[in-house]
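Colleague: I am new to this structure and would like a close look at one part of it. Please start with the contact between two of the chains.

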Amino acid sequence: MITPRALLEKSAPLLACIGLLCVWQVASLTLQTESFPTALEAIRAIPSILGDKESLVNIGASIRRMAIGLSLAVLFAIPLGLMMGRIKGVASFFNPLLMIIYPVPKAALMPIIMLWLGVGDVSKTLVIFLGVSLPIIYHSFQGGKAVEEKMLWSGAAMGLSAPQRMWRIVLPSALPEILTGCRTGLVLALITMVTSEMIARQSGAGNILFNALDMAQYDTVFAMIMVIGAMGILFDAAFEKLRGRLVRWSKPQHDMPLSFS
Amino acid sequence: MSVVSLRSDAQAGSEPLPALKPASAMIEIDHVSQRFQTSGRQSHLALSDINLTIDDGAFVSILGPSGCGKSTLLYIVGGFVQPSDGAAKVKGKVITGPGPDRGPVFQEFALFPWKNVLGNVMYGLRQQGVKKAEAEARGRKLLEMVGLKGYENFYPKELSGGMKQRVAIARTLAYNPAVLLMDEPFGALDAHTRTRLQNDLLTIWERDRKTVLFVTHSVEEAVFLSDKVVVMTRSPGSIKVVVDIDLPRPRKRAELLLDPRYQKYVVDIEKLIDDTGEDEIHA
Amino acid sequence: MNPALNKVLLGITPIALFLALWQSLISFGYAPVTMLPPPGAVFLRLGQQLFTSDFLHEIAATLVRLFGGFGIAVVLGVTIGLAAAVSPGINAVVKPLVRVMAPIPKVALYPALLLILGFDHASKITLVAADALFPILLSTYYGAAMVEQKLIWSAMAAGTPRSQILFKVVLPAAMPSILTGCRIGLVISCIVVFLAEMITSTDGLGHMLVQAARTFQTVDMFVPLITISMLGLILNSLLHGLRTYLLRGFPEV
């Protein structure tokens, strides 16, 4: 039997959403400016976005770019990070470089990258790739570094070669930390995607937002914000489920600046 | 009104200690039980119907195996934990919360890392409204008493374990509590530092004979330091026996270690703890 | 060798390496000068610009938004974080709100902010505050929630009333965590203010970059980028210095 208290806790996020929407509704009714539609008006505009073919194409393109950027980053960053963690030479080589690139906002490189690679998919995907790679490299590095030596010795004693040890011991034991990096990467991917589309307007969800802004379709602006927000929440929830499955055996992780875990 | 419970092998008919203070109850623990909620509907009985009276000026050790609730009992007297049943009183008043009449010293030292040594010691004084200059002077004197003159401006992180515990003791003594509550205070220290601090504690205690409640799992430590040893059963903890330690004071370690009475106390009490049914490996 | 000197050198090395890499890309012909100007040219231009009131005005605009947003994020984040750590009631309200709002890219709210607050400082300050808030709030919360129980007990036994525990024990004990959160928040603030100005603005460093891009002035594009990076580094070191002073008693983690 689920106690009423447990029920309240489980539905708390949903209640929070409803609460926020209520605050919005009240605020917009009080301010009564044309450019600030009520929550209900915005919600009513959502179906028309989702029903519009062009919007769907845009959103699809956004998700596609995000997916490609993320996949490439994962494929590239995890092995690099793990190798940095295990082999001192690799770490010393890449560390200084990464320390410099880290604080630079990758989306801010958009105009420069646009100058070199044009306004299309490639530049946006590249920016997402760059933005996502860094946290994944960092966390894979930390995870790889922390693998207990004794585990590897046991593996070597059992006859595993170096690549085998990497795949069958280092990777699984570093997995919790790697997945923390992936979660940060996912959050950054979403942010970079939207931002790059706001800067280099051409296609995508960010583009829809600003088109609507330019055309004074205020309902659509707010509706699109809700769509993007929902995407963020859905992706994050899906990822957390996946992470729970993959590392059921590990201690709970505190993703410090991301959220209550 | 000291508690005289079953005394299995301890010396029968020993004289009560000549009291330095008129015997009066400082701490009364009355039918105290403690139950902790573990998860959902589960709960764990940590203490079961504890009845104990501790006289003013007595040095009493609480001894028992791990998990028997001895620290919990100390926390109840300290007012940090509220008992599920029964009540503890200090000087006749029911304990509802912590206060400067019962000063704790913890195994983990619990020094404030953002204050230096002198700042830590002065804390209780400043809290009582003592002016800064006077608090500083009194703090320095206390530090000298615990052997840390010259370390006033150090930060806790720069000190060894033994030194940190000295600061902790000085900090607690600063606000002059009537009762000292010590929770395995020397447990985290190496053997050598431990014996030094035991000696120093007794020296400090002899000066004004505060009431001390001292939790430990070391039989030798308990016998060496105390007037009475309260032996607890394992979880759920209850009092198995209270043993009067009739050894003369001041106690000198070198003499005591060779004293057959001391040795007998240690052997007898160790047997008492063994009897509480610890698992054994049957070879 | 002098340890202080060592530290400084250690800090400069990555920057020196970066500049060397940058210069070599051009010298060795990997990048044409039209697309990637040499560091010398950029710094020269930066030096020239620093004496123009226009450029200083741009920097001022960016800094106003940066500090405004960061300041609000610190005040709100620390207050709410502490409150949520000590009060179960506030915790119950804050926790689900944060869980819902954290995964949403705050930059998506930017158009809404533009509509409600206009195109000048207010919308950007709000965006910066919204983005920097969560790391600070969460670090404060976790730092405060994990304060050693015995510290609080020691203070209470020494006579501290419950109402003062928050300021006298929890806040100082949580400082390392709070300052870590502030550092993350500061980095985020630098990034977000720059991006917001790039997306739409009439002044500021981000706007300078976009302007230069439109007119294909590559050197002028790099100047604001380098400026914001340097500002970030300077602010970071100041914060680090503050941290070292405030946390002088804490053991290094």
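Modeller: The contact takes 42 residues from chain C and 44 residues from chain A, where two residues are in contact if their C-beta atoms, placed from the backbone, lie within 7 Å. This is a predicted model, in which local features need pLDDT of at least 70, side-chain atom pairs count only at pLDDT 80 or more, and totals for chains, interfaces and linings use all residues. Residues are numbered from 1 along each chain as its sequence is written, and chains are lettered from A and ligands numbered from 1 in the order in which they are written.

On the side of chain C that touches chain A, several helices each supply at least two residues, among them α1 (3-27), α6 (121-145) and α10 (218-246) of chain C. Helices (H or I, at least four residues) and strands (E, at least two) are DSSP runs, numbered from the N terminus. The most comes from α8(C), with eight residues. By class, this side of chain C has 35 nonpolar, five polar and two charged residues. Here Ala, Val, Leu, Ile, Met, Phe, Trp, Tyr, Cys and Pro count as nonpolar, Asp, Glu, Lys and Arg as charged, and the others, Gly among them, as polar.

Chain C also meets chain B: 16 residues of chain C are in contact with 24 residues of chain B. On the chain B side, β6 (102-106) and α2 (117-127) each supply at least two residues. The largest share, four residues, comes from β6(B). The residues of this side of chain B divide into 13 nonpolar, seven polar and four charged.
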